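Subject: Structure for your files

Dear colleague,

Here is the structure I said I would pass on. My notes on it follow below.

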Amino acid sequence: MHDKTTTRRRLLAGSSAVAATALAGCTGRLGVLGENGGGDDDTGDGPQTTTAGVDEDDAAATVGMVYALGGLDDRSFNDAANRGIQRARLDDGVEYTNHEPESVPEFAEVQAELAASTNPDYDLVCCVGFLQAEGLSATAPEYPDQQFMIVDSVVDADNVASYVFREHEGSFQAGHLAGLLTSSDVNLGAGATNPEETTVGFVGGVDMPLIHKFEVGFEAGVAHADEDVEVLTEYLGNFGDVQGARDIAAGMYDDGADIVYHAAGGAGVGVFQAAQASGRYAIGVDSDQSRSNPRYADVVLASMVKRVNVAVYDAATATVTDDLPAGEVVSLGLESDGVGVVYGTSLEPAIPDDVRGALSASRERIASGDIDVPSERSDTGGA
């Protein structure tokens, strides 16, 4: 078990609380930030590390960012987390370093290195992604005075704040949109629908419970729109094989899919490539991918945004005010705007008013509990 000196953390948290609260109130929690990255990459062996000019003497808090596999510039999950910490730096004077492990075993190594560090002395270590849970379950008890947060998983420890998302709720909205549009005549940008096919697709990354939430939520949303719409589903087996995702999506388009929704991380670019080549449409994930991948804006009808930036921002600013919900689980869904569907920047005019109205109605019913969206393959849900 390892102890850390916490004097600097407590003094800075107290002096920064009023300013942080005021700034957060002025800017709002869900503001849109720039779409990318974290600076120059270290191209040496092992985990890539980028510093953001950490100056502990002036920092309201110092945060170590440990990103999911694939690292920054994925235009999706990791970049969303990076936007959150960038905003905490701008709004609240938080300083941070970026760390990009290249394999699962490296997660625990980097977590422990940051927890043991005294230069800088990290107030918070942010662990982005469910694959970090096993390492953090071992690391957190070894450093009881170090505060951690994790995105997309729950670690049962008094010094870990666990942020999870109700991805199935946002995916229901994506499915509702796809189910309504596949039977509509849409012709804008580089794609078009074939109303006679009424088929859509889902491409998942790794076949596991977290990604199943996207799958079953999407299927439930499609059925809510039209039970006769066929849903094609296939898993890639990873989050990085762009060509593999392109091949899967191309097969779905060949089989009549008008729209394919992906939950495949950085590999999802392959779905967009296939949509352009096939003259069909896609739905992005995690970030507004019509913005983060503007070259595909002509086929990205919408994205199911998962506001990882909000989780990171909230954890960082809560650390400044010494109010991190350590030992607790924070669940973010439609009701809290933790997830949701945003229309594509170029293709928003293609969304008919009646479809927009239907999505608004289903969103309200989910938020109020009138629609119980399934989160597991064995669930039946209710619509």
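In which hand does α5 pass α11? The crossing of α5 over α11 is right-handed. Please keep in mind throughout that this is a predicted model.

**Helix α5 and its helix partners**

Helix α5 covers residues 167-181 and helix α11 residues 353-368; they pack at an angle of about 155 degrees, and their axes are 10 Å apart. Angles over 145 degrees count as roughly antiparallel, and α5 and α11 are therefore roughly antiparallel to each other. On the α5 side, the contact is made by Glu169, Phe172, Gln173, His176, Leu177, Leu180 and Leu181. On the α11 side, the residues are Val355, Ala358, Leu359, Ser362, Arg363 and Ile366. By class, the contact of α5 with α11 divides into 8 nonpolar, 3 polar and 2 charged residues.

Helix α5 also packs against helix α6 (residues 209-225), here at an angle of about 40 degrees and with the axes 6 Å apart. The two helices, α5 and α6, are therefore oblique to each other. The crossing of α5 past α6 is right-handed. From α5, the contact takes in Glu167, His168, Ser171, Phe172, Ala174, Gly175, His176, Ala178, Gly179 and Leu180. These meet Leu210, Lys213, Phe214, Gly217, Phe218, Ala220, Gly221, Val222, His224 and Ala225 in α6. The contact of α5 with α6 comprises 10 nonpolar, 8 polar and 2 charged residues.

**The sheet**

An open sheet is formed by 6 strands in the order β10-β9-β11-β12-β13-β15, with mixed pairing. Strands β10 (230-235) and β15 (339-343) stand at the edges with a single partner strand each, so one side of each has no neighbour in the sheet. On average, neighbouring strands of this sheet are turned by 20 degrees against each other, direction ignored.

Helix α5 returns here, as it lies across β9 (199-204), β11 (257-263), β12 (281-286), β13 and β15. Its direction is at about 30 degrees to β15.

**Aromatic pairs**

The count of aromatic pairs comes to 6. One of them is formed by Phe202 and Tyr235, which are edge-to-face, with 6.0 Å centre to centre and 70 degrees between the planes. Phe202 is in strand β9 and Tyr235 in strand β10, so the pair ties together parts that are 33 residues apart in sequence.

**Helices α7 and α8**

Helix α7 (residues 242-254) packs against helix α8 (residues 269-278) at an angle of about 40 degrees, with their axes 7 Å apart. Helices α7 and α8 are therefore oblique to each other, and α7 passes α8 in a right-handed crossing. The contact involves Val242, Ala245, Arg246, Ala249, Ala250 and Tyr253 of α7. Helix α8 contributes Val269, Gly270, Val271, Gln273, Ala274, Ala275, Ala277 and Ser278. The contact of α7 with α8 has 10 nonpolar, 3 polar and 1 charged residues.

**Backbone points**

The peptide bond from Asn119 to Pro120 is cis, with omega near 5 degrees. Pro120 is placed in the loop between α3 (104-116) and β4 (124-128). Arg75 is not a glycine, yet it has a positive phi of about 60 degrees. Arg75 is in the loop between β2 (61-66) and α2 (77-92).

Regards

Conventions. Residues are numbered from 1 along each chain as its sequence is written. This is a predicted model: local features need pLDDT of at least 70, side-chain atom pairs count only at pLDDT 80 or more; totals for chains, interfaces and linings use all residues. Side-chain values use heavy atoms; hydrogens and water are left out. Axes are lines fitted to C-alpha atoms, for helices over the stretch in contact, and angles run from 0 to 180 degrees between N-to-C directions. Helices (H or I, at least four residues) and strands (E, at least two) are DSSP runs, numbered from the N terminus. Angles under 35 degrees count as roughly parallel, over 145 as roughly antiparallel, 65 to 115 as roughly perpendicular and the rest as oblique. A crossing is left-handed if the near helix is turned anticlockwise from the far one by less than a right angle, and right-handed if clockwise. Contact means heavy atoms within 4.5 Å. Ala, Val, Leu, Ile, Met, Phe, Trp, Tyr, Cys and Pro count as nonpolar, Asp, Glu, Lys and Arg as charged, and the others, Gly among them, as polar. Two strands pair if DSSP finds at least two bridges between them. Rings of Phe, Tyr and Trp (its six-membered ring) pair if their centres lie within 6.5 Å; planes under 30 degrees apart count as stacked, over 60 as edge-to-face and the rest as tilted.
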